[in-house]
Amino acid sequence: MMVLPAGDLASARQLTSAAALSFPFSAAVKYSILGLSVSLLLVALGILAWQAFKCFKRQRSTTARHEAVNGELLNSDVRSQTRQYKGIPAIKVEDVDADILSRNSLGPGQEAADDKVKGWLHYSVYFDQQQRQLVVTVLEVEGLQQQSQISSLQLFVQLKLLWKGSEKGERCIEDGEGGTPPALCTVLQDFQTRIVKGTCNPLFGDQFSCILHDEKELNHIHLRMEVRDYDKYSRHTALGEVRTSLGQFNISYPLELKGKLHSPRKDLVGEVLLSLKLLPTSQRLEVGVLKVRTVHKEPHMDAALYARITVQCNRCKLKYQKTSAMEHGTMTVFNEVLVFSLPDFDLQQCKILVSIFETHSSWKPSKHLIGQLVVKKDKHSEDKHWGLMIRSARQPIAMWHALLI
C-alpha cells in the first residue's frame with residue numbers, strides 16, 4: 001500500500017471537495033444559460049462591428065469633403081440651390097475690375113467705409129445664346145479680414161439678380177438734394193451658395209442659372225453678391241458685397257472676373273404710403289398701410305401683396321399684424337389700419353418695421369420678401385414722420401417711405 005505525502009494528500013482532499021460541489025440545476029437549465037450567454041456575446045460583437053463600420057465611413061466622407069472645398073462644410077438647414085450647367089466653353093479671363101462702374105455712384109461716407117472692407121471675390125458669368133440662360137459661378141473669396149476668430153467664421157455668398165427698368169416714372173418721395181432719384185428695381189432671382197466654415201479664403205464652385213427671354217435684357221440686369229457670415233438665428237452678418245452691371249461686358253463666352261469687396265448697401269425696390277396716428281389717452285398706435293408702389297418685370301395674374309407690421313417699444317416687441325392680400329400691380333392700394341396697444345406711453349425707444357411680401361401659388365416657397373422700411377425713434381434722434389406724428393396727436397399723418405432690400 002502506497003502512502004501519499006502530507007502535501008499531496010491535502011491537494012487530493014481539495015479536489016474531492018470541489019468535485020462534490022455542484023449547482024442545484026438540471027442539465028437543461030445549464031444549457032439554456034450557456035446558450036443565452038453565447039447569444040449576448042454575439043449581439044455585443046455585432047454592435048461593436050457596426051459602430052466601427054460607421055466610424056470608418058464617417059471619417060472617409062469627412063476626408064473627401066475637406067479635399068473638395070478646402071475646409072469643413074457646415075451641415076445646416078441652409079441648403080445650396082446650385083444647378084450644375086453643362087456645355088460651357090473654355091473660360092476666358094480678363095483683367096477687369098467690375099466694381100469700377102459701381103464705385104462712381106458712392107458717396108464720401110460710403111467710400112470711407114469701403115476702406116475698412118478687405119477682400120476679393122472671384123466669379124464668372126456666361127450667357128448661353130442658344131438656351132437663353134444666364135450662368136453665374138461663384139468661385140472663391142480671398143483676402144477677407146475679420147476681427148473675430150477664424151474658426152467661428154461660417155461664410156456663404158448670397159446672389160441677387162436685380163432688374164432695373166429704363167423708365168424712372170413719377171417719384172412719390174421728394175428728393176431733398178435735388179438730384180436725379182434712382183430707378184426702382186426688382187429681384188428676379190435669389191440664390192445662395194453652400195456654407196464653408198473655418199477659413200478666410202473659402203472655395204465654393206457653386207453654379208446658378210436663370211432663363212432670360214432676350215439677350216437685350218442683360219442691359220437691365222445687375223448682379224449683387226454679398227459675402228455673409230452665417231448665424232443660426234438668421235441674423236447673418238454682411239461682410240462685403242460686389243456689384244456688376246452685366247450690360248457692360250461681352251458674356252457670350254465665360255468671363256471670369258475678380259471684384260473687390262465694398263461696404264454693403266440697400267437697393268430701392270419701391271415706395272410705401274404709410275399713415276401714423278398716436279392716441280395718448282388710450283395708449284394706442286395706429287399704423288395705416290395705404291399704397292405700395294413697386295415695379296415688376298413681368299406681371300403675374302395670381303401674384304398678390306401683403307404687408308406685415310412689427311412694432312417694438314422700449315425693448316418690448318409686440319405681436320405682429322398682417323394686412324389682407326391684394327392683387328399685385330404697379331400701384332397696390334390697401335387702405336388698411338392696424339391698431340397696436342402700447343405697454344408704456346413713455347416712448348423712449350420705438351421702431352416700426354414694415355415688410356412687404358409677394359405671394360404666388362406656383363412658387364416654392366409660395367412667398368418672398370420684396371422689401372422693408374423702418375420708422376424709428378430713440379433717445380438721440382427720431383425720423384421726420386415720427387416727429388410729425390408726436391406733434392399732431394390724434395391726427396393721422398401720411399408720408400411716403402422708401403422700400404429697400
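This is a predicted model: local features need pLDDT of at least 70, side-chain atom pairs count only at pLDDT 80 or more; totals for chains, interfaces and linings use all residues.
Residues are numbered from 1 along each chain as its sequence is written, and side-chain values use heavy atoms, with hydrogens and water left out.

The protein has five helices and 21 strands. These are DSSP runs numbered from the N terminus (helices H or I, at least four residues; strands E, at least two). Of the 405 residues, 36% are buried. Buried means under 20% relative accessible area, exposed over 50%, partly exposed in between (1.4 Å probe, protein chains only).

Start with the aromatic rings. The whole structure holds four aromatic pairs. Rings of Phe, Tyr and Trp (its six-membered ring) pair if their centres lie within 6.5 Å; planes under 30 degrees apart count as stacked, over 60 as edge-to-face and the rest as tilted. Phenylalanine 191 and phenylalanine 208 are stacked, at 5.1 Å centre to centre and 25° between the planes. Phenylalanine 191 lies in strand β6 (residues 185-192) and phenylalanine 208 in strand β8 (residues 203-211), so the pair ties together parts 17 residues apart in sequence. Both phenylalanines are buried.

Tyrosine 306 and phenylalanine 357 also pair. Their ring centres are 5.4 Å apart and their planes at 15°, so this pair is stacked. Tyrosine 306 is in strand β14 and phenylalanine 357 in strand β19 (residues 350-359), 51 residues apart. Both are buried. The charged end of lysine 367 sits over the ring of phenylalanine 357, 5.1 Å from its centre. For this, NZ of Lys or CZ of Arg must be within 6 Å of the ring centre and within 35 degrees of the ring normal. Arginine 308 likewise has its charged end over the ring of tyrosine 320, 5.1 Å from the centre.

Threonine 310 is in strand β14 (residues 304-313). Why does threonine 310 count as buried? Its relative accessibility is 13%. Beyond neighbours within four places in sequence, threonine 310 is in contact (heavy atoms within 4.5 Å) with Lys317, Tyr320, Lys351, Ile352 and Leu353.

Now turn to helix α2 (residues 27-69), the place of tyrosine 31. Tyrosine 31 is exposed, with a relative accessible area of 63%.
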